[in-house]
Amino acid sequence: MLSRVAERVYWMARYLERAEKTARLINVHTALLMDLPGRMEINWFTLIRLFNAEKVFSEHYERGNEANIMQFLIADINNPSSLATSLANVRENVRTSLDVLPEEIWAQANQIHLLMTNSLPRIADRYARQIFLREVMKHCQCIRGALDSHMSRDHSFDFMQIGKHLERTDMTSRILEMTSLLLSDDRSDTLRKYDGILWTNLLQALSARQMYLQHIHSRVEGASVMRFLMNDNAFPGSVGYSLAAMSRRMRYLPDPDMPMTMAQRVLEHSQAQDVGAIPAEHVHTLMDYLQSELGVLHAEIAKTWFYPDRSGQQQTQGL
Amino acid sequence: MKKEWNQYDPGSLYDELIAAVHQPREASYKLVEYLRHLTPDRFRQCVQESEAVIREMGITFTVYSDAGNIDRAWPFDIIPRIIPAAEWDCTEIGLKQRIRALNMFIQDIYNGGKILKDGVMPADIVLQSKGYRKACIGMTPPHGVWANICGSDLVRHSDGVLYVLEDNLRVPSGVAYMLENRNITKRVLPEIFNTLPIRPVSNYPAQLYEMLASLRPDLDDPTIALMTPGIYNSAYFEHAFLAQQAGLVLLEGADLVVGKDEYVYMKTIKGLERVDVIYRRIDDDFIDPEVFREDSMLGVPGIMRAWKAGKVAIANAPGCGVADDKVIYAYVPDMIRYYLGEEPTLPNVPTYVCRRDKDREYVLEHLAELVVKPANESGGYGMLVGPHSTAEKVEEFRKLIQEDPNNYIAQPTLSLSVTPTSCETDTEADVHRRTTDPKSRIKIAPRHVDLRPFILSGKDIFVTPGGLTRVALVEGSLVVNSSQGGGSKDTWIVGDVVEGEEV
């Protein structure tokens, strides 16, 4: 397959994953705030820190209140990690890879686009916003379901899987980081009293609550939630599972040695420490490190498959 | 909608569906009856459904002047246009005859130019044509066919005859919209398909693939690609759609490289892989910066070498645009007689060639009645439509013709046929912002149409049953070009019905 198309479907899958997770995260965060006592100052700004978007946010908004933060995270196309940006990128990457995708994907991408056009003006309203975010999740799952059911297991599919798993790892690490930040916040003494609720919401943000309860048989508490999300071999949203799945996919692709080695290294680093034994407030350092390694892994993937003509001699042999 | 249909009056114009007030044509009778019995609400629902389908299916057309808006929804009217099968069969024969002669002509002029030596047409017309490419001299593409995909424009005059208005041989577009128009109609008017033998169009992508594969008869399973100028091109939707439907690799010039062995390679995740056939949707000028425009970023350096060495087939062949010239068009009936020894089945629009003294004299005397066209413009640009123009504009063209008579032809202003089209009574002014205000009344009114069938030529020749009907959505307007705000309709070739079978 064309390198350029490989890059587009890879990013399509990344943005699809990011959009779905962003929608889920915002909904869960809103729900979390409803579980906590009304007098508590809710820290909406945590969501901005989660996306490392403090600088962009402060350039465009004066106050970090709910309305501004929701506008920024959902609708603002100046924000490269907003939901609107992610979904626009999903659509653009679908539009430019129609020849390799099942045809109904394009119609689905358009439906999301229409949904956004119709819903974005009303997101300031919590009720309308929740309905919209649920619709987004549903549409993202429709696209993923259509890809899973109707797409040959070809290289396009491999690149989508790699993109999906890489983004998923990244989003999981960011959500774990958020929890760590919440707990280390000076003002969160009250929050700590509610940490069961916090961890449950964290699991929900990753659609992991039910599987956690079924397979871990432990009450919801920090250490075992962290271990589940970092190391569990059976849960497809865990960091360990995603990284291993990514490595397996790479094996199907030509010349996978360099990126596979890198993916293996990220996996080993992420599993090297017992995350459950680290104090929650220190987890974010570990997650920062994981995110930077994922950045290197992405660069390796791009160098190997997306820009092969820049990476060496072998492709020009015989000409 | 009984009232709307009963009042419908095409006046003195030829109407594709309605012979006279209250009298649908034979082939249209069932359709008109069906539409007559829809309530206005149901009809409106159909229109809205069609608009929703277009948005959901992402059927778009880019208009360059529409800055920043790459997503203009494809303008579509739900009332189909019908052509009786018997008439179409004749038309199809004429189109095949025409493309055979055109291809023989192109082959001839790059290989000796017998037609010029025999004095059938003046040599300098060919040599001065913008589409003439010296680089193609001596070349013979597979099967001697240069124009593999042709989109001829047909118009019906008030005499009821279909005329060929022009032959689009360079990179004709619109076939994706023909296919999508049928898809929309199937969703909006599903009941009607059971009662009429409507010829299917859905085979086109498979025929396209077959034709392209036939350009490499030496290979069992050639790698075939569609080359687009890129994702911002006005026809990108069509490029992606055709690649998807026909199973072609969609690529851009930057994805390709020509090797020292003169094969064309695409840059893949495995390194370089050979491409055997390229359906290019990019003009000659931009295809190879080594040979044509040096500044082209869209093309592939060396691709002309690869083509001439027979290592890659290119459709349409470079240089085929020479026959897509409005002066040369005037000679197509002569070409048919010269190469095939046959009389043309489909007539040309009578054409005055301004380089001929007598023709020019006539044209200059009758400018205000004529349509004047420059030889090498497409999309209706640079034209004078005498009767709809101003005195200044007429004088401007008088000068243009006197300065450069070789570049102009003139034709009588045709009275294009019309067909019933749904219009919002209060929004004529802006056809792109059709109101969905439930109170606005829909009326059925006559609007001018043309027709673009698509002809594939490789080892065999295939003509789409019907084609893309374009409609001028503004009352009285003759401008049907999508790039200038025209709309489109599904086009049905309908046979006689005997118990559901076409005869």
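In the predicted model, chains A and B bury an area of about 2500 Å² between them, and carbon and sulfur atoms give 56% of this area. The contact draws 29 residues from chain A and 31 residues from chain B.

Two salt bridges are counted between chain A and chain B. One pairing of side chains in a salt bridge is that of Arg4(A) with Glu252(B), at 3.8 Å from N to O. Polar contacts across the interface of chain A and chain B amount to twelve residue pairs, with both residues at pLDDT 80 or more. On the side of chain A that touches chain B, at least two residues are supplied by each of helix H1 (3–35), helix H5 (83–95), helix H6 (104–119) and helix H8 (155–184). H6(A) provides the largest share of that side, five residues. Sorted by class, the side of chain A that touches chain B comprises 14 nonpolar, seven polar and eight charged residues.

Within chain B, helix H4 (residues 85–109) and helix H14 (residues 332–340) have axes that come within 9 Å and cross at roughly 80°. Angles of 65 to 115 degrees count as roughly perpendicular, and H4(B) and H14(B) are therefore roughly perpendicular to each other. On H4(B), the contact is made by Gln97(B), Arg98(B), Arg100(B), Ala101(B), Leu102(B), Met104(B), Phe105(B) and Asp108(B). The residues of H14(B) in this contact are Val332(B), Met335(B), Ile336(B), Tyr338(B), Tyr339(B) and Leu340(B). The contact of H4(B) with H14(B) has ten nonpolar residues, one polar residue and three charged residues.

How values were computed
Residues numbered from 1 in each chain as written. Chains lettered and ligands numbered in written order. Predicted model: local features only at pLDDT ≥ 70, side-chain atom pairs only at ≥ 80, totals over all residues. Heavy atoms only, no water. Axes fitted to C-alpha atoms, helices over the stretch in contact; angles between N-to-C directions. Helix = DSSP H or I, 4+ residues; strand = E, 2+ residues; numbered from the N terminus. Parallel < 35°, antiparallel > 145°, perpendicular 65-115°, else oblique. Contact = heavy atoms within 4.5 Å. Nonpolar A, V, L, I, M, F, W, Y, C, P; charged D, E, K, R; others polar. Buried area = accessible area lost by both parts, 1.4 Å probe. Salt bridge = Lys/Arg side-chain N within 4 Å of Asp/Glu carboxyl O. Polar contact = N/O pair within 3.5 Å; in protein donor to acceptor, adjacent residues only side chain to side chain.
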